[in-house]
Amino acid sequence: LLAIKASETAALVSGLCADMRYTAALAVGNAIGWSGYSAFGDPVALAAPAAPRRPRAEVLDTHNAMICWDPPAEAGAPEVGAYAVAIAAGGACLLYVDAPTGALLPSAAEARPVPAGQTSVRATGLSVNMQYRAKIAAKNRVGWGNYSPWT
């Protein structure tokens, strides 16, 4: 039970678990007593974002490519806060794009993510005659979602 002031129209509920669906009902009280509860609202899930759709890649020149994607379309999940871009070089070596510089780094922990609202990033330092593929993951307040399919 959570009591809020009559002037409030929203309440922050903490301590909820990820990957669970929650619903809420409302009752109103005054000096005379409490009303009955309303019908339960639509369920809301606290979940990491869905995987974005397959990204697109455009070769800019012999050492640079632009990776573009559409944000995940998922109603009810917390909004996306960042994106990670992974690149497979030659089919074996997994690298991560550092968003501010476009550099390919060997560790996801070293690569700074793409900020929310940005749905493209330049990958730099590519080698001629090397095949590259990219995949994207989105992050929200719950955590990182799954990666998209490869380009």
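Modeller: Contact here means heavy atoms within 4.5 Å. This is a predicted model, where local features need pLDDT of at least 70, side-chain atom pairs count only at pLDDT 80 or more, and totals for chains, interfaces and linings use all residues. Residues are numbered from 1 along each chain as its sequence is written, and side-chain values use heavy atoms, with hydrogens and water left out.

Colleague: Of the contacts with a separation of 6 or more, what percentage joins residues 24 or more positions apart?

Modeller: Take the contacts in the protein with a separation of 6 or more. The share from residues 24 or more positions apart is 56%.

Colleague: How many helices and strands are there?

Modeller: Helices (H or I, at least four residues) and strands (E, at least two) are DSSP runs, numbered from the N terminus. Along the sequence the pattern reads β-β-β-β-β-β-β-β-β-β. The count is zero helices and 10 strands.

Colleague: Why is the protein called more spread out than a compact globule?

Modeller: The globule rule is 2.2 Å times the number of residues to the power 0.38, and the radius of gyration is taken over C-alpha atoms. For 151 residues the rule gives 15 Å, so the protein is more spread out than a compact globule, as its radius of gyration is well over that, at 22 Å.

Colleague: What box do the C-alpha atoms fill?

Modeller: The box is taken along the principal axes. Its dimensions are roughly 80 × 25 × 20 Å.

Colleague: Is N64 buried or exposed?

Modeller: N64 sits in strand β4, residues 64-68. Buried means under 20% relative accessible area, exposed over 50%, partly exposed in between (1.4 Å probe, protein chains only). N64 has 14% relative accessibility, so N64 counts as buried.

Colleague: Which residue's side chain makes a polar contact with the side chain of N64?

Modeller: A polar contact is a pair of N or O atoms within 3.5 Å; within protein, one must be able to donate a hydrogen and the other to accept it, and residues adjacent in sequence count only if both atoms are side-chain atoms. Leaving out residues up to four places away in sequence, N64 touches V59, R122, A123, T124, G125 and L126. The side-chain polar contact, at 2.8 Å, is with D61.

Colleague: Which residues does R133 touch, not counting those up to four places away in sequence?

Modeller: R133 belongs to strand β10, residues 132-139. With a relative accessible area of 29%, R133 is partly exposed. Beyond four places in sequence, R133 touches A86, I87, A88, W150 and T151.
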